[in-house]
Amino acid sequence: MSNEKSPSESANNPAAKLWGGRFSEATDAFVERFTASVTFDQRMAMEDIQGSLAHAQMLSEVGVLSADEYHKIADGLKGIAEEIKAGEFPWSVQLEDVHMNIEARLTQRIGATGKKLHTGRSRNDQVATDIRLWLRGRIDLIAAELTRLQNGLVDLAEREADTIMPGFTHLQSAQPVTFGHHLLAWNAMLSRDFERLMDCRKRVNRSPLGAAALAGTSYPINRARTAELLGFDAPTENSLDSVSDRDFAIEFCAFAALLLTHLSRASEELVLWTSSQFDFIDLPDRFCTGSSIMPQKKNPDVPELVRGKTGRVNGHLIALLTLMKSQPLAYNKDNQEDKEPLFDAADTALDCLRAFADMAPALKAKKENMLEAAAKGFSTATDLADYLVRKGVAFRDAHEIVGQSVSFAIEQDKDLSELNLAQLQQFSTEIGEDVFEVLTLEGSVAARDHIGGTAPNQVRAACKRAREEISQRT
């Protein structure tokens, strides 16, 4: 095949363009570069070949292609796939996109039969199919990493079911919780993310192939067959919508934005907890970097970078929403701009999940520091109020009593648990010796012994339920 011309050699003359029959002059060189997408859509090459193989097989089954023509096309496409994998494929900007590059190369390899591949389809339904195939594959990779992260979090949560730490509202000490309980809050966010991802996959997994440019085709195609060959659940319903719909890409980016928002929240806590002011956890060195000037520094770069990448993914969601907001039916060149935001959102989500899935199981809790911090800030004040209510005091009155007790403790520079019985009873005679059982941190977390509560046995039960839910995924 050394005597073959490369696709770009003939692309400069307008008639050589696969669409160039009605044009009398070549495309301006700048316009050619400006409108080309092959520099980024070539990453869908395997999906493009996969879609073309299914299309060719269907055309042969309905009699549009002969068996010999189909086998030539199939062999040619498989050879092109090997060229691409080996890094030997001659990509050409003059041929605009991944589809025309592959089709031109096919014709070079097998001759005029290659020109028959495009029968009954358009680049409009072809690219819509490619994107869905590519995104479906990415969704499956992301789902696997999300599951790996959740398994790691649940394992860590079970190990830390008894580790007491302060729970916060407004970043102020509120009530004691356990580290395991806190980790399961992260897992709850991720479980919703997984549900959203799987729901998104259902709408991704519809085949637009056969919708052609916008109105279908007059050839006797079998769209259900190509959908089956490509592993889609069904063909899309409306040809106009099939080629112009990018809801699935927007929906995926919405999922990715929420996922990154959740990872960013966790990252913010990791950054805080590794600071000397909190000193709750230790991150292994392999997830951190140092300072070029301050030798003592150990910077939590991985969570900081995940936190930073959240804005990037949020931006991709807004970009796609804006891209689609004013488009009339059906396909428009605007839609070329859908790929780079979608590709980057998927890549970023996958990378951030991989980083977290590697990092989360390696977190080391500094239990003494967490316990000491939980003892500050009158975190058992609500337990004292609940104690008074159980003694028959109305909650609003109990709230007032405890507020006065806290004010007194602040004056004495003591925690509530450090006041003696006489000091506490000056605010309510309902307070008895048994009050000190509820003022301990251990008693506080153990008292919340209900589903979703902080009691260590509830945390372990929640871990078991989480594992069962994760294990049921297919």
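**Core and helix packing**

Trainee: Which residues touch the most other members of the largest nonpolar core?
Mentor: This is a predicted model, where local features need pLDDT of at least 70, side-chain atom pairs count only at pLDDT 80 or more, and totals for chains, interfaces and linings use all residues. Residues are numbered from 1 along each chain as its sequence is written, and side-chain values use heavy atoms, leaving out hydrogens and water. A nonpolar core joins buried (under 20% relative accessible area, 1.4 Å probe, protein chains only) Ala, Val, Leu, Ile, Met, Phe, Trp, Tyr and Cys residues through side-chain atoms within 4.5 Å. Of the 72 residues in this one, those touching the most other members are L149, F252, L259 and L263.

Trainee: Which element gives the largest share of this core?
Mentor: Helices here are DSSP runs of H or I with at least four residues, numbered from the N terminus. Those giving two or more residues to the core include helix 7 (123-159), helix 8 (179-204) and helix 11 (247-274). The largest share, 14 residues, comes from helix 11.

Trainee: Are helix 8 and helix 11 roughly parallel or antiparallel?
Mentor: Their axes, lines fitted to C-alpha atoms over the stretch in contact, come within 9 Å and cross at roughly 170°. Angles run from 0 to 180 degrees between N-to-C directions, and those over 145 count as roughly antiparallel. Helix 8 and helix 11 are therefore roughly antiparallel.

Trainee: Where is V62 found, and which residues does V62 touch?
Mentor: V62 lies in the loop between helix 4 (45-61) and helix 5 (67-85). Counting heavy atoms within 4.5 Å as contact, and setting aside residues up to four places away in sequence, V62 touches P220 and N222.

Conventions
Buried < 20%, exposed > 50% of the residue type's maximum accessible area, 1.4 Å probe, protein only. Parallel < 35°, antiparallel > 145°, perpendicular 65-115°, else oblique.
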